[in-house]
Amino acid sequence: MPKDSNFKQHPMRARIAAAAARLMAEDGLEDFALAKRKAARQLGAEDTQSLPKNEEIETELRAYQSLYQSEEQRERIQYLRRRALEAMHLLERFRPYLAGPVLSGTAGRYSDIDLQLFTDDGKAVEHFLLSRNVAYDIADERRFAGDQSRAVSVLKVDWQGIPVNLAIYTLKEERGVLKATLAGGPSSGQVFRPSLSFCPALDS
């Protein structure tokens, strides 16, 4: 494509990124591909060959949240991180890691909590939840293991009114520092596993 065509598409690319970020912030969309397609459709640019990268949308999302949702979003992040720590304490035996928007700080009003669990006995997680009368749904989703995606069992639970996604990996995969990134792809290890000793015992 000629350079002048690329130049002409750049403003539309920026507009799509901004519109996608607004959809994610206001409507709770968390799928970057869906947000950018919907934004392009709203702007009459469905045929554009220059959709923004996920990183560009994330930059716009942070800017939008800072400008329009600063206090609300800060309080929401703090609340979600506290709930995540509580859930991680409960699931400590499965080596939980926090990932996704709650970790990165871009979680909004409708965001789930994403946790990664590492165990060679995935059924043990289900038995653990059942023994504590914690209802769950299960689905296979494509997640990244290193730089490749594969089907991963994800248990979806309600934790004090917050949807929590428990992605189950093997112990061997823990060394790969897996991550369900905000952009939905591989990354350089932006996960978090705190010392849980200070959390209250919630499973008693």
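User: What is a nonpolar core, and how many residues does the largest one have in this model?
Analyst: A nonpolar core is a set of buried Ala, Val, Leu, Ile, Met, Phe, Trp, Tyr and Cys residues joined through side-chain atoms within 4.5 Å. The model considered here is predicted. Among the residues with the most contacts inside its largest nonpolar core are Leu 91, Ile 113 and Leu 166. The number of residues in this core is 27.

User: Which element gives the largest share of this core?
Analyst: Helices H4 (70-90), H5 (101-104) and H6 (122-131) each supply at least two residues of the core, as do strands E2 (113-118), E4 (148-159) and E5 (162-169). The largest share amounts to six residues, and the element that provides them is H4.

User: How many residues has the other core, which lies apart from the largest one?
Analyst: Met 12, Leu 23, Ala 25 and Leu 29 are among the members of this other core.

User: Which serine does Leu 166 touch, not counting residues up to four places away in sequence?
Analyst: Leu 166 is one of the residues with the most contacts inside the largest core. With residues up to four places away in sequence not counted, Leu 166 touches residues including Leu 91, Leu 115, Leu 129 and Val 157. The list also holds a serine, Ser 153.

User: Is Gln 73 buried or exposed?
Analyst: Gln 73 is found in helix H4. Leaving aside neighbours within four places in sequence, Gln 73 is in contact with Gln 65, Gly 105, Thr 106 and Ala 107. Its relative accessible area is 11%. Because burial requires a value under 20%, Gln 73 counts as buried.

User: Where does Asn 133 lie, and what is its relative accessible area?
Analyst: Just after H6, Asn 133 takes a positive phi of about 55°. Most residues other than glycine have a negative phi. Asn 133 is located in the loop between H6 and strand E3 (136-145). It is exposed, with a relative accessible area of 74%.

User: What is the relative accessibility of Arg 95?
Analyst: Arg 95 is not a glycine, although its phi is positive, at about 50°. Arg 95 belongs to the loop between H4 and strand E1 (97-99). It counts as partly exposed, at a relative accessibility of 31%.

Definitions and conventions. Residues numbered from 1 in each chain as written. Predicted model: local features only at pLDDT ≥ 70, side-chain atom pairs only at ≥ 80, totals over all residues. Heavy atoms only, no water. Buried < 20%, exposed > 50% of the residue type's maximum accessible area, 1.4 Å probe, protein only. Helix = DSSP H or I, 4+ residues; strand = E, 2+ residues; numbered from the N terminus. Contact = heavy atoms within 4.5 Å.
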